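Please look through the sequence and the structure shown below before reading on.

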Amino acid sequence: MKRLAIAAVMALLGCENHTGEVWHAQREMPVYESPDGDAQKEIFRLAPDDICYPGKVVTEKVFQYTQVHCPPKGDGWVADPYFHKEQGK
């Protein structure tokens, strides 16, 4: 029962709504292939002012990862919160 309650809380914490947001990277940061903290594989790096569109959020261990689509670089997962977030137009 305790595990079920913990899983429910973790699921709620991971349910952020970023619909319509546009994120601008504020500094260089890595983008990973998956949110699996034990097998991190960096697939590209964001540069300051790169634009990304956020997707789903997952909590893995103590980190919160957000799936991002960053054209033309690609798709991946970020753990760093260094974005300026705007509502899309």
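In this predicted model, the accessible surface of the protein comes to about 6000 Å², and 56% of that surface belongs to carbon and sulfur atoms. Of the 89 residues of the protein, 29% count as buried. The protein contains 1 helix and 7 strands, which follow the pattern α-β-β-β-β-β-β-β when read along the sequence. Among the contacts between residues at least 6 apart in sequence, 53% join residues that are at least 24 apart.

In soluble globular proteins, nonpolar side chains tend to be buried together. Here the largest nonpolar core has 11 residues, among them Trp23, Met29, Phe44, Leu46, Val68 and Phe83, as well as Cys52 and Cys70. The elements that give two or more residues to this core are strand S1 (21-25), strand S2 (29-32), strand S3 (42-46) and strand S5 (63-70).

Cysteine 52 and cysteine 70 form a disulfide, with their sulfur atoms 2.0 Å apart, and the count of disulfides comes to 1. Cysteine 52 lies in strand S4 (residues 51-60) and cysteine 70 in strand S5, so the pair ties together parts that are 18 residues apart in sequence. The link of cysteine 52 and cysteine 70 is right-handed, with 105° about the S-S bond.

Are these two cysteines buried or exposed? Cysteine 52 counts as buried because its relative accessibility is 0%, and cysteine 70 is buried too, with a relative accessible area of 1%. Leaving aside residues up to four places away in sequence, cysteine 70 touches Phe44, Leu46, Ile51, Cys52 and Asp75.

Notes:
Residues numbered from 1 in each chain as written. Predicted model: local features only at pLDDT ≥ 70, side-chain atom pairs only at ≥ 80, totals over all residues. Heavy atoms only, no water. Core = buried A, V, L, I, M, F, W, Y, C linked by side-chain atoms within 4.5 Å. Buried < 20%, exposed > 50% of the residue type's maximum accessible area, 1.4 Å probe, protein only. Helix = DSSP H or I, 4+ residues; strand = E, 2+ residues; numbered from the N terminus. Contact = heavy atoms within 4.5 Å. Disulfide = S-S within 2.5 Å. Areas by Shrake-Rupley, 256 points an atom, 1.4 Å probe, with all protein chains shown as cover.
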